[in-house]
Amino acid sequence: MFFNLKAATGLAALLVVVVYRSGRVVRHHILTTPDLPDAYYVGGNWTSHCSLIRDPASNDINFCEDITFWDHHDAHGALTDRLVLLGCDPNRKAWNTVMGPLRDPNPRGHLFLYVPSTHIVHTVALQGYPAQHDFHPLGMDIFPSHNGASSNLFIVNHARAQTTVEQFALDPARPTEARYVRTLRSPYFVSPNAIALTSPTSFYVTNDHLLTRRLPNPIGHVLPVVETVVGLPLGWVAHVALHPSSSEDDDVVLTHTLAALGVPFANGIALSPSHTQLAVASTSLGLVYVYTVDASTPSPSLTLSHTIPVPFFPDNIVYDDDGALIVTGHPHFPALIHVAANKTGATAPSWAVSLTPRSGRDARAAQGRRSYDQHAPLSASRFAPAVATHEVETLFQSDGSVFGSSSTTLRDAKTGAIYIAGLYQEGMLMCRP
């Protein structure tokens with residue numbers, strides 16, 4: 001009797017914590033299924049404005065967790081070309097160190113390059129990459145090319161033994177080759193997820209969990225789920241920098257600095273175009289944390305400025321050219337779990353929004369407003385309260401029948417085109433106004 005009472009008391013306490021920490025997202029995105037349309041695109045009818053990008057040669061543009069723009073600038077800084085780099089892992093349902101399972105790490109993932117001007121997809125060869133290394137890409141970021149110079153590309157790699165960060169160099173003269181530079185390892189790389197470059201040789205990186213799937217069973221199956229659902233503040237952001245080494249054994253020295261602690265399920269990360277703000281997605285809480293960046297210190301320090309609620313579990317986040325933050329995520333977590341578990345007929349919905357900063361007058365007018373995002377079939381205002389700092393607008397949403405498990409959205413502010421990748425989706429969706 002005592003044991004049962006103690007267990008019941010513990011369960012009640014856990015439920016109280018869940019409701020307090022993440023009651024809004026649990027109620028709307030775990031306990032209920034959102035009534036999303038087959039598809040909605042803010043720029044017009046999706047059937048005529050959106051198309052699925054595939055590689056007819058390899059058919060391997062599947063399960064692309066992250067995508068990023070690779071910008072080319074001339075000697076004067078003008079943008080001359082913009083390509084889309086995709087990190088894809090068709091083996092994700094057999095090897096996923098965030099959600100599980102950890103069954104088979106052998107088939108490698110891939111890199112692809114999409115050229116919008118020609119609508120052609122190219123496979124990117126990993127030149128010089130060690131044959132014995134796994135390659136399971138997750139978050140990545142690439143530095144722009146200036147006046148034809150090579151760009152540094154950093155990719156989180158969920159390898160079988162440990163998670164690493166892989167560094168490659170991409171030359172605009174040979175854009176379909178990623179030359180392997182080095183593998184970065186650190187005891188502080190517990191659960192790296194997403195990367196935001198601060199220079200060609202430094203970056204912020206999120207660590208999504210302290211309690212990971214790599215822990216021995218059965219705790220590796222249980223504790224990460226508890227950390228996620230309860231919203232335990234055990235995720236963090238670190239700043240990593242590479243410096244020349246005087247040692248004959250290593251050509252660089254890696255410095256690792258903790259930048260922000262206590263972020264529940266720290267997932268996507270993005271640095272604003274001005275480099276004055278850093279945004280971090282808290283998946284468990286359905287929030288985006290916005291930090292002020294003090295770049296005057298050797299390792300830029302962060303101060304939490306505010307948070308922004310979003311109408312789903314946010315995954316990756318990206319700033320566009322105009323400073324709007326594009327947030328993509330998962331409106332129904334159980335559906336995503338079913339897809340990851342390879343349940344027959346399972347689909348996971350998609351949702352992407354833009355967070356556009358408001359001016360002072362607009363911010364005052366927004367205070368106390370309950371209704372917004374009125375053009376979307378399912379308004380974000382149904383699930384997240386309005387905030388004074390940003391205007392929230394749905395860019396794309398789907399019940400999963402057209403495009404599912406959205407994880408990243410890029411928006412080219414100059415052309416208006418958006419590109420969407422899905423964690424367990426085949427192909428990349430492109431929509432043009």
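This is a predicted model: local features need pLDDT of at least 70, side-chain atom pairs count only at pLDDT 80 or more; totals for chains, interfaces and linings use all residues.

Colleague: Okay, which residues form a nonpolar patch on the surface?

Modeller: The patch is formed by Ile219, Val222, Leu223 and Val226, and together these residues have about 270 Å² of accessible area. Ile219 belongs to helix α3, which covers residues 219-230, and Ile219 itself is partly exposed, with a relative accessible area of 40%.

Colleague: Why might residues three or four places apart in an α-helix point the same way?

Modeller: An α-helix has 3.6 residues a turn, so residues at that spacing point the same way.

Colleague: And which residues of α3 are buried?

Modeller: Those are Gly220, Pro224, Glu227, Thr228 and Val230.

Colleague: How far does α3 reach, and what comes just after it?

Modeller: With its 12 residues, α3 reaches 16 Å from its first C-alpha to its last, which is close to the 16 Å expected at 1.5 Å a residue. Just after α3 comes Gly231, which takes a positive phi of about 75 degrees.

Colleague: Switching to sheets, what is the order of the nine strands in the open sheet?

Modeller: The order is β7-β9-β10-β11-β6-β5-β4-β3-β8, and the pairing in this open sheet is mixed. At its edges stand β7 (137-142) and β8 (145-146), and each has a single partner strand, so one side of each is left without a neighbour in the sheet.

Colleague: What about β3 and β4, do they run parallel or antiparallel?

Modeller: They run antiparallel, and nine bridges join β3, residues 64-73, to β4, residues 79-88.

Colleague: Now a histidine: is His239 buried or exposed?

Modeller: His239 lies in strand β14, residues 235-244, and counts as buried because its relative accessible area is 4%, under the 20% cut-off. The side chain of His239 also makes a polar contact with the side chain of Thr198, at 3.1 Å.

Colleague: Last one, where is Glu426?

Modeller: Glu426 sits in the loop between β25 (418-422) and β26 (428-431), and Glu426 is partly exposed, with a relative accessible area of 42%.

Colleague: And how many Å separate the C-alpha atoms of Glu426 and Pro264?

Modeller: They are separated by 29 Å, with the two residues lying 162 residues apart along the chain.

Note on methods: Residues are numbered from 1 along each chain as its sequence is written. Side-chain values use heavy atoms; hydrogens and water are left out. Patches are made of residues with over 30% relative accessible area and no salt bridge: like charges are joined within 9 Å, nonpolar side chains (Val, Leu, Ile, Met, Phe, Trp, Tyr) within 5 Å. Accessible areas come from the Shrake-Rupley method with a 1.4 Å probe; for residues, only the protein chains shown count as cover. A salt bridge is a side-chain nitrogen of Lys or Arg within 4 Å of a carboxyl oxygen of Asp or Glu. Helices (H or I, at least four residues) and strands (E, at least two) are DSSP runs, numbered from the N terminus. Buried means under 20% relative accessible area, exposed over 50%, partly exposed in between (1.4 Å probe, protein chains only). The expected span of a helix is 1.5 Å times one less than its number of residues. Two strands pair if DSSP finds at least two bridges between them. A polar contact is a pair of N or O atoms within 3.5 Å; within protein, one must be able to donate a hydrogen and the other to accept it, and residues adjacent in sequence count only if both atoms are side-chain atoms.
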